[in-house]
Amino acid sequence: MASGGGNNRNGTHRNSLKGTTTTSTASTDKPLSVNSNPSKPAFKNKSSPLTGASSGLRKSSPGSLGGGAAKDDAGVPGRVRVAVRLRPRNAEESVADADFADCVELQPELKRLKLRKNNWDTDTYEFDEVLTEFASQKRVYEVVAKPVVEGVLDGYNGTIMAYGQTGTGKTYTLGRLGEEDTANRGIMVRAMEDILAEVSPEIDSVLVSYLQLYMESLQDLLDPTNDNISIVEEPKSGDVSLPGATLVEIRDQQSFLELLRLGEAHRHAANTKLNTESSRSHALLMVHVKRTVKGREPAHSSDNGNSTSMARSLRPPLVRKGKLVVVDLAGSERIDKSGSDGHTREEAKSINLSLSALGKCINALAENSAHVPVRDSKLTRLLRDSFGGTARTSLVITVGPSPRHRGETASTIMFGQRAMKVENMLKLKEEFDYKSLARRLDIQLDKLIMEHERKQKAFEVEIERITAEAQNRISEAERNYADAVEKERLKYQKDYMESIKKLEEKWMMNQQNQGNERKMVHIAEEVAEVKKLLSKETSLRKAAEEEVDNLKSQLAQLKMSEALANSEILKLQKMVEDEVCQKEKLEGEISMLQSQLLHLSFEADETRKRLDRGGPGKVPGGLDSPVSQVRSQLKDSGNGEKASVAKLFEQVGLQKILSLLEAEDADVRIHAVKVVANLAAEETNQQKIVEAGGLKSLLMLLGSSEDETIHRVAAGAIANLAMNEKNQELIMSQGGISLLSTTASHAKDPQTLRMVAGAIANLCGNDKLQTKLRGEGGIKALLEIVKCGHPDVLAQVARGIANFAKCESRASTQGSKTGRSLLIEDGALPWIVQNANSDASPIRRHTELALCHLAQHEVNAKDMISEGALWELVRISQDCPREDIRTLAHRTLASSPDFIAGLKRLRIDY
Ligand code: ADP
Ligand code: MG
């Protein structure tokens, strides 16, 4: 019986140890998808087996939105993850913007977004995730929200926010219920599905509140009479709570959908010019998840009747609490654009108050500023414990494609860019050699893992040995004890029986020989003998009892040494847990360092590229002040460049800068032409430059200089000036075409060709200059330029040809032009056909457009058929992504007798 008990005790210890390890492995989740460094999933995997120690992490400490740099050691490293999502063109934009390209171009594989500055120049931004107009709701949920939801289930606070102009898809992304088609379900619905799938209804709880922040008053969407909820902040922990808000317990998805529907019915949605469904309030969904950590429940479930260990039954259940906040922010556009009326001014102030306070906090966090102005608005007070710091935060910024809203789109992108810096700047200031530090930590980590494994193995062996030994000793002692007791008992019984028998015999004999004195004496002797026997028996029994006591004390000793072994086991267990904790901390640091390293190397690359582009010039002595100013301003490249050029413009005066274009020193000329090019990029300066004779000087430089840098920069400036109709005429009248084509014929750098092609392409868009441009060889020049083959250059050529074809088509329709297209006359058709299905989308888009314009006019039909354009037109009418072009191609094919005959002849079933 005792051996059974001992076995069980040891067994329980081993199981509980294994139990901990298993739970931790099971609780580690898939790699985070929102990761600026997708090539490093190995890090997360590596950490998986030990993240179990995160079971030691409780509810997150006050977020850094509250405390600037305050950061819990046990917190999750990482910064605000930012994804950008592009909404597809809507019906209105498809018509109104039909002839314009989108203002953004996405490169999802590079996680980059290009924002168009003008027809031929773009700015590039990098995000954690770039979601095109084709991205499904499922994918958006997985990359933006899922890692945050998993964090909440693990006991962290998490926030998901959508920011963007009204009508760009914030509510679509977060709040769609997907009743008509489950594929359309938004982030709120999908998050709740994941949460409900993970919790156990008997022991866990999910509580939801749904609120609206409108003109700085916080309303309960689940109880509209409750419209002034106050925010309470726990001074010590920094936790934020809303004691006045309705909290509904959610047990199934259906009741959650009903709750969202109810909240939506209450939601104040003011109509605006931009989108009739748009809202000017912020909507906040809060989900409180409380979970009991598996494998740590009390021992009430011991159904096998064993008395489980004391330690286990005394341990209270471990509970993790996480809070998920989903914020559908009010539209980020400036209010004057929305055309609303009534109490708009007041509203505008309040909406802007919360949004701009959020922007200020993000700026302060991004710059690691000592003061973060959390208290400025209700929104930032509410998010105090849920943004940055130990909370996981994802921000999705939504943008639309229309070039008409380029300004709003740019400011949304800048907001996202700043949010990406939150938390990372902290360490950026320190100048570590991150690479070697990371290597050192890696080695240390490997050593720790090895040491840990070794200790664990030795520990297990030791436990087994102690257990076996204790068991052997216990069972041997028990056996000995039982044997001795039994032997003693038998012997005593036998002796006793024998004595009784002898006494009886003696008594019988005594009866027979009564009166016989002698026998009496003999009997007395016999009695004495019996007495002696009895006393011997007594002492024997005493000895047996002593032996029993001795064995008992031995048993007690054994039990004591077993208790000692147990406490040793507990100590070792604690050490193992400490090791695990330490290892996890190191891994966290490594991941942070790796991400910083990546960021740093990216920045280093950028800086190198910038330096390569702007190569420093040498200033010869004795130059007068404007020149040195030009130089010093130019050296100051990067973000401040535009500002400093504008300043330079004021200080030095345009006339002086232009005069430097003819300076003796080639170095000075290069700097001067760069300054002029920078000025020409701003629309407001263009007129002044032309009036001051800058255009003439730039054209002259093309003819007189032999320096390719000057050619490239001057051509770029001319291209910028050529966006204006009046300037186009001036360029043409000053022999621009022949200067540009000569420049192209000498160019070695594709960028020079891109600038030249960009300039000619702009000229091609002028209705009045068609004949002259062609007469001076403009089209021929473009066809020469394509030999270079660089896709950026080809895109500009394609744009020029499309511009030309469009003007020509207009002239033909108005009757001011007759006969075949000049493009066909100059032999451009084979190139257009060849590139109409190019892989590069800008080239394809423009050549497709050009083909459609040409096909409008029956005079071109025969040539187009013989050059194979018919096949391309059929393809365009079937799978061109732009519906208007598709329709145009289809209509043309169906109405032109020549094309109909051609289709028949070629047996194209149409
Ligand atoms: P916001 O909340 O930013 O004002 P909405 O979510 O209301 O914008 O979206 C405006 C309109 O655009 C809605 O009709 C919506 O259905 C549509 N929309 C937004 N994003 C997408 C998308 N990714 N795909 C298709 N339609 C979208
Ligand atoms: Mg909305």
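This is a predicted model: local features need pLDDT of at least 70, side-chain atom pairs count only at pLDDT 80 or more; totals for chains, interfaces and linings use all residues.

Colleague: Ligand first. Which residues come nearest to ligand 1?

Modeller: Gly 167, Gly 169, Lys 170, Thr 171 and Tyr 172. They belong to a set of 13 residues around the ligand.

Colleague: And by class, what does the shell around ligand 1 have?

Modeller: Seven polar residues, four charged and two nonpolar.

Colleague: Which helix gives the most to that shell?

Modeller: Helix α6, residues 170-175. It supplies three residues.

Colleague: What about Lys 170, how far is its polar side-chain atom from an oxygen of ligand 1?

Modeller: The distance is 2.8 Å. Thr 171 also has a side-chain N or O atom 2.8 Å from an oxygen atom of ligand 1. With Thr 168 it is a polar backbone atom, 3.4 Å from a ligand oxygen.

Colleague: How much of the ligand does the protein bury?

Modeller: 75% of the 560 Å² that ligand 1 exposes when taken alone.

Colleague: Switching topic. Where does Ser 402 lie?

Modeller: In the loop between β14 (392-399) and α12 (406-419).

Colleague: Is Ser 402 buried or exposed, and what is its relative accessible area?

Modeller: Ser 402 is buried, at 1% relative accessible area. Its side chain makes a polar contact of 3.0 Å with the side chain of Asp 97.

Colleague: On to charges. How many salt bridges does a search of the whole structure find?

Modeller: The count is 48.

Colleague: Pick one. What does Glu 579 pair with?

Modeller: Lys 455, with the closest N and O atoms 3.6 Å apart. Glu 579 is in helix α15 (residues 517-614) and Lys 455 in helix α14, so this bridge ties together parts 124 residues apart in sequence. Lys 455 is partly exposed, with 31% relative accessible area.

Colleague: How exposed are Glu 486 and Arg 489?

Modeller: Glu 486 is partly exposed at 37% relative accessible area. Arg 489 is also partly exposed, at 43%.

Colleague: What about Asp 863, which residue does it bridge to?

Modeller: Arg 820, with the closest N and O atoms 2.9 Å apart. Asp 863 lies in helix α32 (residues 861-866), while Arg 820 is in the loop between α28 (791-814) and α29 (822-825), so the pair ties together parts 43 residues apart in sequence. Arg 820 is partly exposed, at 31% relative accessible area.

Colleague: Which residues are linked in a network of salt bridges?

Modeller: Arg 844, Glu 848, Glu 872, Arg 875 and Asp 879.

Colleague: Last one, the surface. Which residues form a nonpolar patch there?

Modeller: Tyr 496, Met 497 and Ile 500. Together they have about 320 Å² of accessible area.

Colleague: Where is Met 497 found?

Modeller: In helix α14, residues 434-512. Glu 486 and Arg 489 lie in that helix too.

Colleague: And why does Met 497 count as exposed?

Modeller: Because its relative accessibility is 53%, and the cut-off for exposed is over 50%.

Key
Residues are numbered from 1 along each chain as its sequence is written. Chains are lettered from A and ligands numbered from 1 in the order in which they are written. Side-chain values use heavy atoms; hydrogens and water are left out. Patches are made of residues with over 30% relative accessible area and no salt bridge: like charges are joined within 9 Å, nonpolar side chains (Val, Leu, Ile, Met, Phe, Trp, Tyr) within 5 Å. Accessible areas come from the Shrake-Rupley method with a 1.4 Å probe; for residues, only the protein chains shown count as cover. A salt bridge is a side-chain nitrogen of Lys or Arg within 4 Å of a carboxyl oxygen of Asp or Glu. Helices (H or I, at least four residues) and strands (E, at least two) are DSSP runs, numbered from the N terminus. Buried means under 20% relative accessible area, exposed over 50%, partly exposed in between (1.4 Å probe, protein chains only). A residue is near a molecule or strand if one of its heavy atoms lies within 4 Å of it. A polar contact is a pair of N or O atoms within 3.5 Å; within protein, one must be able to donate a hydrogen and the other to accept it, and residues adjacent in sequence count only if both atoms are side-chain atoms. Ala, Val, Leu, Ile, Met, Phe, Trp, Tyr, Cys and Pro count as nonpolar, Asp, Glu, Lys and Arg as charged, and the others, Gly among them, as polar.
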